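This report goes through selected features of one structure, beginning with a pocket and ending with aromatic contacts. Please keep the sequence and the model at hand while reading.

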Amino acid sequence: MESPVEELEKLLLWDPVDDVRIVGICGMGGIGKTTLATVLFDRVSHQYDAKCFIDDVSKAYRDCGTIGVLKQLLQQTLNEENLQICNLYNAANLMQRRLRYVKTLIVLYNVDDVEQREKLVVNREWLGAGSRAIIVSRDKHVLKEFGVTTVYNVPLFNGPDSLKLFCKKAFNSDEIVGDYKDLTHDVLEHAKNLPLAIKVLGSFLCGRSVSEWRSALVRLKEIPNKDILDVLQISYDRLEDSEKQIFLDIACFFSGYEELYVKKVLDCRGLHSEIGIRVLLDKSLIDNSHGCIEMHGLLKDLGRKIVKGNSPKEPGKWSRLWVHEDFYNTSKATETTNTEGIVLEMSIEMKVLMTDAEVLSKMSNLRLLILHGVNFMGSLNCLSDKLQYLEWFHYPFSYLPSSFQPNSLIELILRRSNIKQLWKGTKYLPNLRVLDLSDSKNITKVPNFRGVPNLERIILDGCTKLAWINPSVGLLKRLAFLSLKNCINLVSLPSNILGLNSLEYLNISGCPKVFSNQMLDKPIREEHSKILGIRETGMQSQSTSSSIIKKFISFNFCCTKGYKSSGGCLLPSLPTFFSMQDLDLSFCNLSQIPDAIGSMHSLETLNLGGNNFVSLPSSISKLSKLIYLNLEHCKQLRFFPEMPSPTALPAIRGTYTVAPYGRGLYIFNCPKIVDIEGCHGMTFAWLLQILQVSQKSGTPIGWIDIVLPGNQIPRWFSNQSLGTSISLDPSPIMHDNNWVGFACSVRFSYSWIASLMATLLD
């Protein structure tokens, strides 16, 4: 493996020898940018006719101003001590005249401001053939403004290099001395491969006894080293206020969390996550290379030290709480009004400590509350009305506090809660966008939605006692996501959801009783009548609720035996939902799918698994955007329809978008299919069409899963073998720019899987 210096040297020489190249070096504080730039300069500077190394541009600007920095640059490159420079024009003119024919090497270290770039008149057109400029900064955005050809991100040390550097500083040796082996690994674990931390801690521990090392390690956990944090804090101090809040939230709460989730919570906090996260990434304060937000351990220490301020032993005065013991101790604190955010994940200590719920009542400035499996005693009489994001798994109480009026609340997530009813009557929450009560087994009815007009997502999966949905749901003009999966006792849906043109995702999988009755076509209670009247006025095309039903009477679902049905079961007319992208009707005991489904031209994913129909309508072929079709466990299915011809591929979605479905076709455990060969032929023709659309449009496919009945691997899979694994030689495609991807085929038995699952469950 090449060293960083060798990699950088290669970047400098990458272009033709006569070209002018500007290379950026970027990385977090203390990662070794100075050392790397200095070594590189010493190694290659003899190849240039003129050279300059300004070791701290930001400091030079503060001390000498723009003219002073330019004077220093020109004095070094031209090797003239007594240059007279009066203004920027004079400096630019001198640089253009004197350097354009000279092969020059310029290194500018610690450039931290775009304004410095504008005043540093380093123009590649004014430099001679073969010249190189190296700009060193903690901020990638600054490097982009300098017009760098490429950016080298300085990596953290690897394990062997960290050990070697530490031994040199701590033992003046190349290896661990005496009884310090375990302690050395503990120190390196704290340093997390950051060169500055390794140097500082190694030098500090040099010559000290084993007991002193142990004492120092205990202290480090409570009080991080000041010399290290001072270097890291330089980047923090340069952030805007909102960016500082994001940094502290990540340091205390969200390091290691999925990026989309973090952005969602930060946006609820009003912190403008898109630009804020970008700034932290550019300044090397966080990393998101694997789809998760990661922060170096020492930067987390810095953020938490800032939060603790001058009261490290008084958590009641902190703005954020992230350790359960500290949260427990706030119950004894007299002052808790500073607390703005609490995030507590499940831990062993949570199972032991019981916290008085009354402590939350005293936190009047609380804006963020995320609790996963925290044990409480007593009752909850009050919650902060300033809450913007509330996520509480296993909420232990039957109701929310009656006085709770969080006008700024954007997301309310009470999964697996003990709640029976959120609130009585109508509560006005104008900013609420998401309501998630999934797997709340005791809830019997959902609240009146009149007071939450901006609700966009309702998730009630697994609410097994829920029998009906408040008809006020039909007033939610912004509702895009409605999931009622496995609400096994849900007997009907309000008919006025027919007017929800905004609905993109509907999941009523595992709700067989919904189709045992027609949808509610008669007003229930006075409230339902009022809502229908409002909807009719808004639509201006219907006069009575019965006319709404008649309009869609052609769209019926026929139920299987065992469920009462008077000639079919009404469901909201699918053609009405022109925005519908995802529809899940799996395990709903359906015996027929109507032709009208082909009119849902926006549909991208369709799950009909676990039903009892014999065939699908030919109109399925009209769904040109369909990229996911699930027919698993359709045991009566005999005839497979013609697949649609895709015209465009929808974008790959993340976890926290409307629906995170994959792409593919699932025909699994469908034992009565007649023409298996024809099924295979249509499937692979569909796959080829998708590949063609992908290549033509440039839209990435990501992955496609296809599960088909049969007992043979298709012949076009040339590399076949028996067993549980297969090896591939990637060399034929490593340098082929035209390759599309990998196709893998596996043969398996459903009976074997069923047997395995039964064994695991036992």
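## Second largest pocket

The lining of the second largest pocket is made up of 18 nonpolar, 9 polar and 11 charged residues. The structure is a predicted model, and the pocket volume in it comes to about 1,100 Å³. In total, 38 residues line this pocket, and those nearest its centre are Ile31, Gly32, Thr35, Phe157 and Pro195.

Several secondary-structure elements contribute two or more residues each to this lining: the helices α1 (4-12), α2 (33-44), α7 (159-171), α9 (195-205) and α11 (226-237), together with the strand β4 (132-137). Strand β4 comes up again below, as a neighbour of β3.

## Enclosed cavities

The model holds 4 cavities of 30 Å³ or more. The largest cavity has a volume of about 50 Å³.

What kinds of residue line the largest cavity, by class? Its lining has 5 charged and 2 polar residues, and no nonpolar ones. The residues concerned are Asp112, Ser137, Arg138, Asp139, Ser235, Arg238 and Lys283.

Is strand β3 mostly covered or mostly open? Strand β3 spans residues 104-108 and is mostly covered, with 5 of its 5 residues buried. In a regular strand, side chains alternate between the two faces of the sheet. In β3, Thr104, Ile106 and Leu108 point one way, while Leu105 and Val107 point the other way. The residues pointing in either direction are all buried.

Strand β3 pairs with two strands named here. With β2 (residues 50-54) the pairing is parallel and runs over 5 bridges; in this pairing Phe53 stands opposite Val107 of β3. With β4 the pairing is also parallel and has 4 bridges, and Ala133 in β4 is the bridge partner of Ile106.

## Aromatic pairs

The count of aromatic pairs in the model is 19. A pair of aromatic rings is described by the distance of the centres and the angle of the planes. Trp392 and Phe397 make an edge-to-face pair, with 6.3 Å centre to centre and 90 degrees between the planes. Phe397 also forms an edge-to-face pair with Tyr395, here at 5.4 Å centre to centre and 75 degrees between the planes.

Are the residues of these pairs buried or exposed? The cut-off for buried is under 20% relative accessible area. Trp392 counts as buried because its relative accessibility is 0%. Tyr395 has 1% relative accessibility and therefore counts as buried. Phe397 is at 13% relative accessibility, so Phe397 counts as buried too.

## Arginines over rings

Which residue lies over the face of Phe204? Arg208 does, at 4.4 Å from the ring centre. A second case involves Phe481: Arg457 lies over the face of this ring, at 4.1 Å from the ring centre.

Technical notes
Residues numbered from 1 in each chain as written. Predicted model: local features only at pLDDT ≥ 70, side-chain atom pairs only at ≥ 80, totals over all residues. Heavy atoms only, no water. 1 Å grid on protein atoms, 1.4 Å probe; cavity = no way out; pocket = protein on both sides within 12 Å on 5 of 7 lines; lining within 4 Å. Points joined across faces, edges and corners; volume = space filled by probe spheres on them. Nonpolar A, V, L, I, M, F, W, Y, C, P; charged D, E, K, R; others polar. Buried < 20%, exposed > 50% of the residue type's maximum accessible area, 1.4 Å probe, protein only. Pairing = 2+ DSSP bridges. Phe/Tyr/Trp six-rings, centres within 6.5 Å; stacked < 30°, edge-to-face > 60°. Lys NZ or Arg CZ within 6 Å of the ring centre and 35° of its normal.
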